[in-house]
Amino acid sequence: MTGVKRIPSGIHGLDQKIDGGFELGSVISVLGGPGSGKSLLGMSFLYEGLKNGETCLLVSFEENVDDLISDMETIGLNDVKDFISKKKLIILFNSPINFEYLGVLDVINQNKISRVVIDSLSAISMYMEDRSKFRKFMLDLVTELKKLKVTAIVTDEQPQVSENDTLYFSGEYLSDAVIKLFYTGLGGDFDRSMQIIKMRRTNNDRSMLPMRIDQGGIYVK
Ligand SMILES: Nc1ncnc2c1ncn2[C@@H]1O[C@H](COP(=O)(O)OP(=O)(O)O)[C@@H](O)[C@H]1O
Ligand SMILES: [Mg+2]
């Protein structure tokens, strides 16, 4: 484990399953169907940084700032408005059409951002003419984020898939880590679950982890 610096994920119970936390400077893909908890996972990750005095960036293509603040409050991520007014939390609500990430890189540099969430890639890919253009976009984006040494979560909405389905997410191989979220709507222990598909340089738990969302945040066990 030498040389790998880790930071707390902000998800209750997760760090102990991934050698202590996300690798500093890694890019993590979070995949899942609608309502599976991708955005809330990203917000919880940023909030953990805010609590530790870090400056964090949320690039949202789907929800406006007021909605994002409400979302965070419903899972106990409080004082978000304070963090925003103190410029510790920066939210960019962008149109996914013709999105250019260069401006985002400037914001990261100018504000010494350490944690970034991009929510979601599917919003961007929807407006790109072809798959190869999107792949190039992903490659450039991941490369730039890693150069800046920020720890980043990029979410991607996927149709509800079962555990054994093969996914054709173009960014999976580029990311250091891939986390899948499942939501069955059946209730019980596996109403929600999380699976860590890969996490480079980490002896991660490989099983389906029961997951829960409530007013205290996101929990896995
Ligand atoms: N306070 C809460 N208690 C329980 N579940 C919640 C709470 N707040 C949000 N949720 C659940 O989280 C879901 C939204 O998660 P979200 O991260 O926005 O999903 P995604 O981004 O994957 O579409 C809601 O559909 C709801 O089921
Ligand atoms: Mg979302």
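In what follows, a residue is called buried when its relative accessible area is under 20%, exposed when that value is over 50%, and partly exposed in between, using a 1.4 Å probe and the protein chains only. This is a predicted model, in which local features need pLDDT of at least 70 and side-chain atom pairs count only at pLDDT 80 or more, while totals for chains, interfaces and linings use all residues. Residues are numbered from 1 along each chain as its sequence is written, chains are lettered from A and ligands numbered from 1 in the order in which they are written, and side-chain values use heavy atoms, with hydrogens and water left out.

Begin by selecting Lys149, which sits in the loop between α6 (131–147) and β7 (151–157); helices (H or I, at least four residues) and strands (E, at least two) are DSSP runs, numbered from the N terminus. Because its relative accessibility is 63%, Lys149 counts as exposed. Although Lys149 is not a glycine, its phi is positive, at about 60 degrees.

Asn98 is exposed, because its relative accessibility is 64%.

Then select Asp119 and Ser120, and look at the peptide bond that leads from Asp119 to Ser120, which is cis, with omega near 5 degrees. Ser120 belongs to the loop between β6 (115–119) and α5 (121–125). As background for these stops, most residues other than glycine have a negative phi, and most peptide bonds are trans.

**The ligand and its surroundings**

Which residues come nearest to ligand 1? Of the 14 residues around ligand 1, they are Gly35, Lys38, Ser39, Leu40 and Arg192, where a residue counts as near if one of its heavy atoms lies within 4 Å of the molecule.

Show the side chains of Lys38 and Arg192 to see that a polar side-chain atom of Lys38 lies 2.7 Å from an oxygen atom of ligand 1, and that a polar side-chain atom of Arg192 also lies 2.7 Å from an oxygen atom of ligand 1. With the backbone displayed as well, you can find a backbone N or O atom of Gly37 at 3.0 Å from an oxygen atom of ligand 1. On its own, ligand 1 has 580 Å² of accessible area, and the protein covers 67% of that area, as computed by the Shrake-Rupley method with a 1.4 Å probe.

If you colour by element, α1 and β10 (209–214) are the ones that give two or more residues to this shell, and the largest share, three residues, comes from α1.

Setting aside residues up to four places away in sequence, Pro34 touches Glu157 and Gln158, where contact means heavy atoms within 4.5 Å. Pro34 and Tyr183 are 149 residues apart in sequence, and their C-alpha atoms are 8.6 Å apart in space.

**Into the interior**

Of its 37 residues, Leu14, Phe22, Leu41, Leu89, Ile153, Ile179 and Met194 touch the most other members. Helix α1 (residues 38–51) gives this core its largest share, seven residues. Beyond residues up to four places away in sequence, Phe22 has contacts that include Leu14, Phe45, Ile153, Ile179 and Met199. A second, separate core has 28 residues, among them Val27, Ile108, Ile118 and Ala152.

Val178, in strand β8 (residues 177–183), is buried, with a relative accessible area of 2%. Its contacts, leaving aside neighbours within four places in sequence, include Ser29, Leu31 and Ile197. Ile91, in strand β5, is buried with a relative accessible area of 15%, and is in contact with Leu58, Val65, Leu68 and Ile84 once neighbours within four places in sequence are left aside. The C-alpha atoms of Ile91 and Val59 are 5.9 Å apart, although these residues are 32 apart in sequence.

Key. A nonpolar core is a set of buried Ala, Val, Leu, Ile, Met, Phe, Trp, Tyr and Cys residues joined through side-chain atoms within 4.5 Å. A polar contact is a pair of N or O atoms within 3.5 Å; within protein, one must be able to donate a hydrogen and the other to accept it, and residues adjacent in sequence count only if both atoms are side-chain atoms.
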